[in-house]
Amino acid sequence: MAMLEVKDLQVYYGLIQAIKGVSFEVNQGEVIALIGANGAGKTTILHTITGLIQPKSGSVIFEGTDITKVPGHKIVSMGMAHVPEGRRVFANLSVYQNLKMGAYIQKDKKVIGETLEMIYKHFPRLEERKNQLAGTLSGGEQQMLAMGRALMSSPKMILMDEPSMGLSPLLVKEVFSIIEYCHESGITILLVEQNAKMALGIADRAYVLETGNITMSGKAAEMLENEDVKKAYLGV
């Protein structure tokens with residue numbers, strides 16, 4: 001059974017239809033890449049899945065439960081975390097306070113402590129800067145913090161929106177190694193990413209979104225060799 005099923009999703013902004021009957025699924029333990037040009041509707045899909053936008057029609061099923069009309073904060077408690085585009089850290093809170101905010105649904109202090117320890121191990125810079133205001137961190141450090149904050153909720157699934165945006169090649173490599181670590185830890189990942197080559201390099205399967213429609217899907221390794229994908233998204 002798929003962990004996440006998106007069925008015939010239709011989303012409008014006023015009179016403009018942003019998502020036009022999109023359907024796809026994510027199986028447990030997979031990394032799924034959702035690639036497409038700017039304005040294709042990738043972020044809108046993530047916002048709809050996590051309850052930030054209500055679709056006009058269609059449904060979102062998570063672990064067999066229809067969450068289409070479930071508010072975002074309840075979706076987090078069901079085991080889904082969202083790393084938004086542009087990081088969206090709490091600028092006036094410290095790194096440590098931001099991480100604790102990610103664990104607001106977790107009541108077990110031992111689990112919170114162990115998760116924090118794991119995050120500091122994989123993001124040593126966050127431990128070095130734990131008392132620093134999040135707004136004063138570099139872009140790369142804020143991305144690490146956004147990912148760490150999502151992990152603090154001990155999610156079964158993480159939705160990541162453009163995690164490499166605006167980062168140096170070295171930091172992009174670092175961020176992708178964290179995504180691979182999450183995958184190895186058994187977390188299911190839906191990855192929206194402009195760096196299609198990197199995304200397809202770590203994904204199991206991929207979907208191509210164009211102007212609100214899924215136009216192609218298949219194994220990520222095969223997509224890397226597809227001539228249309230190469231021309232449109234890989235700069236080849």
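**Reading helices, rings and a lysine**

Modeller: Helix 1 is followed by Gly-51, whose phi is positive, near 80°. Helices (H or I, at least four residues) and strands (E, at least two) are DSSP runs, numbered from the N terminus. This is a predicted model, in which local features need pLDDT of at least 70, side-chain atom pairs count only at pLDDT 80 or more, and totals for chains, interfaces and linings use all residues. Residues are numbered from 1 along each chain as its sequence is written, and side-chain values use heavy atoms, with hydrogens and water left out.

Biologist: How many residues of helix 1 are buried?

Modeller: Buried means under 20% relative accessible area, exposed over 50%, and partly exposed in between, with a 1.4 Å probe and protein chains only. Helix 1 covers residues 42-49, and seven of its eight residues are buried, so the helix is largely enclosed by the rest of the structure. Among the buried ones are Lys-42, Ile-45 and His-47.

Biologist: How many aromatic pairs are there?

Modeller: Rings of Phe, Tyr and Trp (its six-membered ring) pair if their centres lie within 6.5 Å; planes under 30 degrees apart count as stacked, over 60 as edge-to-face and the rest as tilted. That rule gives one aromatic pair. The ring centres of Phe-24 and Tyr-207 are 5.3 Å apart and the planes are at 50°, so this pair is tilted. Phe-24 is in strand 2 (residues 16-27) and Tyr-207 in strand 9 (residues 205-210), so the pair ties together parts 183 residues apart in sequence. Both Phe-24 and Tyr-207 are buried.

Biologist: Where is Lys-56, and is Lys-56 buried or exposed?

Modeller: Lys-56 lies in the loop between helix 1 and strand 4 (57-62). Its relative accessibility is 64%, so Lys-56 counts as exposed. A charge sits over a ring if NZ of Lys or CZ of Arg is within 6 Å of the ring centre and within 35 degrees of the ring normal. The charged end of Lys-56 sits over the ring of Tyr-12, 4.7 Å from the ring's centre.

Biologist: How are two packed helices described?

Modeller: By the angle between their axes and the distance between the axes. Axes are lines fitted to C-alpha atoms, for helices over the stretch in contact, and angles run from 0 to 180 degrees between N-to-C directions. The axes of helix 6 (residues 139-151) and helix 7 (residues 169-184) come within 10 Å and cross at roughly 10°.
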